[in-house]
Amino acid sequence: MSRVLIVGAGPAGMRAADILAEAGLVPTVVDEGEKAGGQIYRRPPDGFTRSPKALYGSEAVKAVRLHRIFDEWARQRRVTYHSRSSVLGFSEGEAMVLGPEGQIAIPYDRLILATGAYDRLAPLPGWEQAGIYSLGAAQIALKAQGVALGRRIVLAGSGPLLTLVAHQLRAAGAGVAAVLDTAPLSMQLRGGSRMLAARPFVTARGAFMRVGLGRLYHAGARLERIESGQDGPSAIHWRDARNRLHATACDTVALGWHLQAETVLADLAGVTFDWSDTWAQWLPRADAEGRAGDRLYLAGDGLRILGADGAETAGRLAARACLADLGHPVSGRDQYRDLRRLTRMRRFAQGVAHAFPWPAAMVRGMPDETVICRCEGIRAGELRSTVLLAGAEANRVKSLGRVGMGRCQGRYCGRAGTELIAAEAGVEVANAGRLRSQPPARPAPIAALCRLAPEE
Amino acid sequence: MKLAKEPGRLQRLSETSRRPVRFHVDGVEMRALRGDTVLTGILASATYLRQAEFGPEKRAGFCLMGACQDCWIWQEHGPRLRACSTLLHDGMRLLSQPSQDWTGGGS
Ligand code: FES
């Protein structure tokens, strides 16, 4: 029987496993979570008692259905599930996996990567202090632990998650001091009309949540700096759409500008990347069903950021493509329907990308003393002067200036770093180079790395 | 490090009737709830996890999803762990920095 390895157990990975198990294969799923679910459908540890409705709101039915299906396959041993396990890299048809029992090698014939996405971050002066988090972190803390990351939280950035997290925190009784959206209202309206055309119900739900935030919410905000004292942030300084300066007192700031695809493993597996103007990031190249290379498939937000529903659809598509390539019978009608569904999701997602853009101007204008790399404290000025030496190529700037070399492996500084390099060298971001990923995909003990032979 | 009974950075909003667990950070006993991650457990009564190694600031986690490695913490025996993605166990003994001289009480 063919050995299919799925990486990630969010909606895309869980659904891919379901389709493969249904067809009689026994896929292996490697996942970093305690329990399958991913980020959006993340489940709290045992002993927590909030209802699915409290955890997932309007998405509760979908979340519970997926959890049940996946758990049932795993219970019947028709899906082999490795929780709390990270894939570090690939070597000769094997995935090197670091889990609770140490390191194991999992051989596979086909690989489906469903690695999801993480918050796309833009640095601003003061963001390196303790008590500044990603937006996703605020949501995870609430969902998986029932806690707020502070008592007076400012949420800042842009994207659907900004409004959603603010709404969820307030509904749970957390103190939200302000919601600062850097997207101007005019862009939101333009993008929003495309969102509305593609998915009216979802768009209306978001708009409704937004209205509920009332005067806490500000569109077109410009973030200037975060001020911190001994115990964390004390205020965020920002300008409103009419250029008036504000200082909002707070003890926590959560930042995020929509999402960025998690592509390290796709990169290590040899996928080709294209610059996307729409998404303002490098994205893996794949066909409509998710084929991205020899016996390699991508699905979910790690391929295109379409959200949980889109990820489920993409998971089904990739799994059926994999089955078809293995010579299994596949329903062309199901595949066609899901392709149509995905097209609609894409139209919606493009509207989202236009409504809530990456704040390029803010990043380009950041003062020299702004820390770009939170891991190692590298500042914008240092990076700018490295560009003079290294030229406009992200990987050279990285080896000279160390931006992208810290322990987050460039996840939270890479995008802003490339923006600065492009600005400094006067080239398009697409021409400033893409930071190549290096194994291991997660920091790992030396012993675990010995079998990851460097192939460069 | 600010410890013990004072309220820390986090605010518990719900699910507070879980069983208590006890653990130690830098030799000081702390209490939290079963099902807390190491990060939740510490930040429930402290304002940060540890000192940054490349600057004067403190660390209190950043992504909570295993991607940034901001939340590293050390066990008195054995390897470091990611505080955001490790569940707290009764009796855990943790260090805010990888030092042999932990009995000094840490930072
Ligand atoms: S807070 Fe980012 S890895 Fe734990």
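Colleague: Let's begin with A:Gln409, found in the loop between α13 (394–401) and α14 of chain A. Why does A:Gln409 count as partly exposed?

Modeller: Happy to start there! This is a predicted model, in which local features need pLDDT of at least 70 and side-chain atom pairs count only at pLDDT 80 or more, while totals for chains, interfaces and linings use all residues. Residues are numbered from 1 along each chain as its sequence is written, chains are lettered from A and ligands numbered from 1 in the order in which they are written, and side-chain values use heavy atoms, with hydrogens and water left out. Now, A:Gln409 has a relative accessibility of 28%; buried means under 20% relative accessible area and exposed over 50%, with partly exposed in between (1.4 Å probe, protein chains only). A:Gln409 is therefore partly exposed. Its phi is near 55°, a positive value in a residue other than glycine.

Colleague: What is the phi of A:Arg84, and where does A:Arg84 lie?

Modeller: The phi of A:Arg84 is also positive, near 50°, and the residue sits in the loop between β3 (80–82) and β4 (86–91) of chain A. With a relative accessible area of 43%, A:Arg84 is partly exposed.

Colleague: Why is the packing of α6(A) and α7(A) called oblique?

Modeller: Helix α6 (residues 185–198) and helix α7 (residues 200–213) of chain A meet at an angle of about 135°, and their axes are 6 Å apart. Angles under 35 degrees are roughly parallel, over 145 roughly antiparallel, 65 to 115 roughly perpendicular, and the rest oblique. The angle therefore makes α6(A) oblique to α7(A). On the α6(A) side the contact residues include A:Gln188, A:Gly192 and A:Met195, and α7(A) brings A:Pro200, A:Thr203 and A:Arg210. (Contact means heavy atoms within 4.5 Å.)

Colleague: How do you know that β11(A) is largely enclosed by the rest of the structure?

Modeller: Strand β11 covers residues 153–158 of chain A, and six of its six residues are buried, so the rest of the structure largely encloses it. Both faces are covered, with A:Ile153, A:Leu155 and A:Gly157 on one side and A:Val154, A:Ala156 and A:Ser158 on the other. Beyond its neighbours within four places in sequence, A:Leu155 is in contact with residues including A:Leu135, A:Leu162 and A:Val176.

Colleague: What makes β11(A) and β12(A) a pair?

Modeller: Two strands pair if DSSP finds at least two bridges between them. Here five bridges join β11(A) to strand β12 (residues 176–181) of chain A, and the two run parallel. A:Ile153 has A:Val176 as its bridge partner in β12(A).

Colleague: How many bridges join β19(A) to β20(A)?

Modeller: Four, between strand β19 (residues 273–276) and strand β20 (residues 281–284) of chain A, which run antiparallel. A:Ser276 is bridged to A:Gln281 in β20(A). Four residues lie between the strands of this hairpin, where A:Ala280 takes a positive phi near 50°.

Terms used. Axes are lines fitted to C-alpha atoms, for helices over the stretch in contact, and angles run from 0 to 180 degrees between N-to-C directions.
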